[in-house]
Amino acid sequence: MERHFVHDLDELKQRLLWMGSLAERAVHQAVHSVLDADEHLAESVLSEEDAINEMQIEIDDRVQRLLALQAPMAADLRFLLAVSRINGDLERIGDQAVNVAHSAMRVLRHPQVKPYVDLPRMSELAESMVRDSLNALVRGDQDLAQSVLQRDDQVDRLRDQLFRELLTYMMENSAVVFAAFELIMVAKNLERIGDHATNIAEDVIYFIAGRDVRHPALDRR
Amino acid sequence: MASPAHEKMNSHSARIAPPVRNGDSIAAGQQKEARLRFQISNLDFFYGAKQAVYGLNLNIPANKVTALIGPSGCGKSTFLRNLNRMNETIRNSRYTGQILLDGQDIKRMDVVNLRRRVGMVFQRPNPFAKSIFENVAYGLRINGYKGRLSELVEHSLRRAALWEEVKDHLHKSAFALSGGQQQRLCIARALAVDPEVLLLDEPCSALDPVTTAKIEELMFHLKDSCTMVIVTHNMQQAARASDYTAFMLDGHLIEHNDTSKLFTTPTDHRTEAYITGRFG
């Protein structure tokens, strides 16, 4: 007979994945409101922010209840600790998407500064990191989680590249400063989304293998 | 907290590092430095023809609490009773292998002296049909203690966190005490002869949560002067009150590690299944 606790853990995982899909969609819509010059997408992100915040509170409540009532051990305990931290990262990803949506609304008031080349690549990369970190949780796939960590450097490089490029546009033509600055902010937010996805992947590795990989430079004797 | 009358002779205690698994945590690393009270190697135990413990190897560090967990009938109480040769009272029982207490083979020790050094507290409080005072003084009398009994009785009752509750009723029957008080009286009785080790066989299974918390707090404070080995079915208790935990199954020691490590990242899938309640 399956214990009720196992059912509760599974339900919690489903809720977390649902929150993950909301955060992922918010990022996609926010960036595409810039790329496709579609303000409706940005408005949609803003209107759905509350849903992500409500999910955060619901998931926290579930985790607290299970910790208090079930006194979980081993993998169950690691899962609940990981979910609690992932929950916070997903909510922050939602916040970053909102920032991008606000930037999008401001960018769209100006002519396009440049053809978008790196921004879609960066967005795809950051979105794939969020998606794969959650897939790693579902499948218990440590290798997939590890691959997310490796992608973080690529996102950082794209942000630096985009920053340098936009700087040249701003130096050449002061009329584009406002829009270019907003694009830099979009890149900055995407980079932060990559960081949150990295946190999630680290928590997934902790859940699967019990290894804390957050700060490899620290000597954990 | 050991009384001056009972300064212990630990100079001959072994300082041999126990086996440490790869990836062991900080505390396990510290165990390498810990002095060992018991070193058990290749222990097989038999009730007649039936073997109850198989090839058990375990080091028990001094001044720490080691918890033994595992399903009913896995051999944990049998193993515990080996540590002060209590199993010898069972007919046809025998063990092979070696149990060293401070480097000395317990088989070669005088059993009365062994049980003075390795005290025991059982699941059900078992005070004698005597007064509270006499329960504690009894062990001292039969050990020929010549000092002031009243001082040592008070000292033992204080160590068992019972003095304040009984100091005005020392000559009342021990049976007038509550279950939790009786259990602490049994601990005081065991402590009176100043053992180096206290074996606790499910000492809280008949107690309410408040009294259980008192016993656990008491264990925490006794660590300064005593090594403890506790058998418990309550995994939360093992997680709260012990430094090291050993998981036994069908007479075999499956895993022994820092308590924090064993309850968060056990290395054996059977330990994982047991502590997460997915056993069998």
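With 14 C-beta neighbours inside 10 Å, A:Phe178 counts as partly exposed; a residue is buried if 20 or more other C-beta atoms lie within 10 Å of its own, exposed if 12 or fewer, and partly exposed in between, with C-beta atoms placed from the backbone. The residue belongs to helix H6 of chain A, residues 177-209. Helices (H or I, at least four residues) and strands (E, at least two) are DSSP runs, numbered from the N terminus. A:Phe178 and A:Gln64 are 114 residues apart in sequence, and C-alpha to C-alpha they are 45 Å apart in space.

The model is predicted: local features need pLDDT of at least 70 and side-chain atom pairs count only at pLDDT 80 or more, while totals for chains, interfaces and linings use all residues. Residues are numbered from 1 along each chain as its sequence is written, and chains are lettered from A and ligands numbered from 1 in the order in which they are written.

**Helices of chain A**

Two helix pairs are described here by the angle between their axes and the distance between the axes. Axes are lines fitted to C-alpha atoms, for helices over the stretch in contact, and angles run from 0 to 180 degrees between N-to-C directions.

| Helix pair | Angle | Axis distance |
|---|---|---|
| H1(A) (residues 4-35) and H2(A) (residues 39-70) | about 160 degrees | 9 Å |
| H4(A) (residues 118-139) and H6(A) | about 20 degrees | 9 Å |

The angle makes H1(A) roughly antiparallel to H2(A), and H4(A) is roughly parallel to H6(A). Angles under 35 degrees count as roughly parallel, over 145 as roughly antiparallel, 65 to 115 as roughly perpendicular and the rest as oblique. H1(A) passes H2(A) in a left-handed crossing, and the crossing of H4(A) and H6(A) is left-handed; this means that the near helix is turned anticlockwise from the far one by less than a right angle, clockwise being right-handed.

Residues of H4(A), including A:Ala126 and A:Val130, meet residues of H6(A), among them A:Ile193 and A:Ala197. A contact requires C-beta atoms, placed from the backbone, within 7 Å. A:Val27 touches A:Ile93, A:Ala97, A:Ala126, A:Glu127, A:Val130 and A:Ile193, leaving aside residues up to four places away in sequence. A:Val27 and A:Ala30 have the most contacts inside the largest nonpolar core, which has 135 residues. Such a core is a set of buried Ala, Val, Leu, Ile, Met, Phe, Trp, Tyr and Cys residues joined through C-beta atoms within 7 Å.

**Strands of chain B**

Chain B holds 11 helices and 10 strands. Of its 280 residues, 46% are buried. Among contacts in chain B with a separation of 6 or more, 70% come from residues 24 or more positions apart.

An open sheet of 4 strands in chain B has the order S2-S1-S4-S5, with antiparallel pairing; two strands pair if DSSP finds at least two bridges between them. Strands S2 (50-61) and S5 (104-105) of chain B stand at the edges with a single partner strand each, so one side of each is left without a neighbour in the sheet. S1(B), residues 36-47, pairs with S2(B) over 8 bridges, and B:Ile40 has B:Leu58 in S2(B) as its bridge partner.

Strand S7 of chain B (residues 197-201) has 5 of its 5 residues buried. B:Val197, B:Leu199 and B:Asp201 lie on one side, with B:Leu198 and B:Leu200 on the other. S7(B) runs parallel to S6(B) (residues 118-121), joined by 4 bridges, and B:Val121 is partnered by B:Leu200. S7(B) also pairs in the parallel sense with S8(B) (residues 227-231) over 5 bridges, where B:Leu198 stands opposite B:Met228.

Definitions and conventions. Two residues are in contact if their C-beta atoms, placed from the backbone, lie within 7 Å.
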